[in-house]
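Reader: I'm new to this one and would like to learn how to read it. Could you walk me through a few features?

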Amino acid sequence: TIPANDDYTILVNVASSEVTAVKLETLIHAGLPNKGPGLAANGNFTLSGFELAAAPRLPPSSKEEGNTSETGNPAPTDFRPVRIRTATADYSQKHGAVANTIDGKLDTFWGVHGTKERADHEAIFVFARGLKNKHGWQLRITLRHRTKYAKYSIGRFRISTTAADETVVELPIKIQAILAISAQKRSALQKRELQTHFQNQDPSRIKLSATLDRLKKVQATLN
């Protein structure tokens, strides 16, 4: 049976010496209600909390205090909370933004209802400060499903990590996907989307746009 509310705790061993973000993918499957990626009858989910703690791994067979096995895995008491700076997703439903998962409130959530076709979705959680340790890390990730909507847990998912620079992983997921395509193979639409995105990040352009909007309002009062 599916619990009304459920929390998932996942331990992830990361061999990389540096970690800057975690990606959570929610995956559709024929065996899930309405193909998922959630366990609700309509295939949706309501993720109310994404929490992360990390502990540095130790050299195998290390005799350092806290090393509880010959594998280098840290002791449970070695984990420390990791603050998430930003959360972005390729899609969020109305009133269900992915940023809700890091606001500390369990009655808000990320959901993906409203798409015409069931599809995989992804969210990227960028750390306020990257983790660095030459022996790697063990991450403890907790996914909380605590909203008033019963049985709205994620049905199938995948977790991965990256050591990419924060300025890259904080880009909108759609822009990241376009940048992953070689410049010669990008469509005209993709090139325009890139141009528009980076123009909108230009501080001087933002200031000019604000000035133009203000002048348009003044002009409207004179007509």
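**Reading buried residues, cores and a pocket**

Author: Let's start with one residue. Leu194 has a relative accessibility of 9%, so it counts as buried, since the cut-off is under 20%. Keep in mind that this is a predicted model.

Reader: Where in the fold is Leu194 found?

Author: Leu194 belongs to helix H3, which covers residues 188-200.

Reader: And which residues does Leu194 touch, not counting those up to four places away in sequence?

Author: On that count, Leu194 touches Ile175, Ile178, Leu179 and Arg186. Take Ile178: 16 residues separate it from Leu194 along the chain, yet their C-alpha atoms are 7.7 Å apart.

Reader: What does the side chain of Thr147 make a polar contact with?

Author: With the side chain of Thr46, at 2.9 Å. Setting aside neighbours within four places in sequence, Thr147 is also in contact with Asn5, Ser48, Leu106, Thr108 and Phe109.

Reader: Now for groups of residues. Which residues touch the most other members in the largest nonpolar core?

Author: That core has 28 residues, and Leu52, Leu139 and Ile141 touch the most other members. Several strands each supply at least two residues of this core: E1 (6-14), E2 (18-26), E3, E5 (84-89), E6 (121-132) and E7 (137-145). There is also a second, separate core of five residues, including Ala21, Ile124, Val126 and Ile173.

Reader: What does Leu139 touch, leaving out residues up to four places away in sequence?

Author: Among them are Ile10, Leu11, Val12, Val14 and Val22, as well as Leu52, Phe79, Leu131 and Thr161.

Reader: How do I read empty space?

Author: Here's the general idea: roll a probe the size of a water molecule over the atoms, and you see where empty space is left. In this model, the largest pocket has a volume of about 230 Å³. It is lined by 16 residues, and the closest to its centre are Phe50, Glu51, Thr101, Ile102 and Gly104.

Reader: Which strand gives the most to the lining of the largest pocket?

Author: Strand E3, residues 49-56, with five residues.

Reader: How do the residues of that lining divide into nonpolar, polar and charged?

Author: The lining of the largest pocket has eight nonpolar residues, four polar and four charged.

Terms used
Residues numbered from 1 in each chain as written. Predicted model: local features only at pLDDT ≥ 70, side-chain atom pairs only at ≥ 80, totals over all residues. Heavy atoms only, no water. 1 Å grid on protein atoms, 1.4 Å probe; cavity = no way out; pocket = protein on both sides within 12 Å on 5 of 7 lines; lining within 4 Å. Points joined across faces, edges and corners; volume = space filled by probe spheres on them. Helix = DSSP H or I, 4+ residues; strand = E, 2+ residues; numbered from the N terminus. Nonpolar A, V, L, I, M, F, W, Y, C, P; charged D, E, K, R; others polar. Core = buried A, V, L, I, M, F, W, Y, C linked by side-chain atoms within 4.5 Å. Buried < 20%, exposed > 50% of the residue type's maximum accessible area, 1.4 Å probe, protein only. Contact = heavy atoms within 4.5 Å. Polar contact = N/O pair within 3.5 Å; in protein donor to acceptor, adjacent residues only side chain to side chain.
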